[in-house]
Amino acid sequence: MIDVGSVAIRAEVLTIDPVNPRSFSVSFAERQMPKLGHYGPNSTIQNQSLNLAVESLRTFKSGLSTWNCQETLAVGTAVFRQASNCDQAVALLEKELGQKIQIISELEEATLIAEGIMQFEQNLP
């Protein structure tokens, strides 16, 4: 999974439990911080941040290729929902990644955060 957020881009390899698909373990995790949400004039994602994001995705792509993932999901969050240059920014990042980035809604983003917290809570002693 690749999560393109306002501050950080995260790449994680998740091993899904075949009995309970909502349960997973993290096999690999990496994070870069291009700070896409530090907007320029007119709520535009700045070129400097986009260039850092492209470099991050390049690094992640290289690392993820060693894991032989069955499926890769890439999601974008509020940074794209709020940016005036969303279409251009997403197109650039998708080109580097070689796949679509799904821009998720506020509700989907909140649900994924809650599910992640619940997964963590299940593993507490």
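Let's start with strands β1 (residues 2-4) and β2 (residues 9-16): they run antiparallel and are joined by 3 bridges. Two strands pair if DSSP finds at least two bridges between them. Getting from β1 to β2 takes a hairpin of 4 residues. Along this pair, V4 sits opposite I9 in β2, and D3 has R10 of β2 as its bridge partner.

A word on what you're looking at: this is a predicted model, where local features need pLDDT of at least 70, side-chain atom pairs count only at pLDDT 80 or more, and totals for chains, interfaces and linings use all residues. Residues are numbered from 1 along each chain as its sequence is written, and side-chain values use heavy atoms, with hydrogens and water left out.

Now follow β2 to its other partner, strand β3 (residues 24-32). These two pair in the antiparallel sense over 8 bridges, and T15 stands opposite S25 in β3. Step back and you'll find an open sheet of 5 strands, ordered β3-β2-β1-β4-β5, with mixed pairing. β3 and β5 (102-103) are at the edges with a single partner strand each, so one side of each has no neighbour in the sheet. Helix α1 packs on this sheet, touching β1, β2 and β3, and its direction makes about 25° with that of β2.

That brings us to the helices. In general, two packed helices are described by the angle between their axes and the distance between the axes. For α1 (residues 47-65) and α3 (residues 86-97), the axes come within 9 Å and cross at roughly 25°. Axes are lines fitted to C-alpha atoms, for helices over the stretch in contact, and angles run from 0 to 180 degrees between N-to-C directions.

Who meets whom? From α1, L50, A53, V54, L57, R58 and K61 meet A89, L92, L93, E96 and L97 in α3, contact being heavy atoms within 4.5 Å. By class, that contact has 8 nonpolar, no polar and 3 charged residues.

Finally, look at E94, also found in helix α3. E94 is buried, with a relative accessible area of 15%; buried means under 20%, exposed over 50%, and partly exposed in between, using a 1.4 Å probe and protein chains only. Leaving aside neighbours within four places in sequence, E94 is in contact with Q99, K100 and I101.

Terms used:
Ala, Val, Leu, Ile, Met, Phe, Trp, Tyr, Cys and Pro count as nonpolar, Asp, Glu, Lys and Arg as charged, and the others, Gly among them, as polar.
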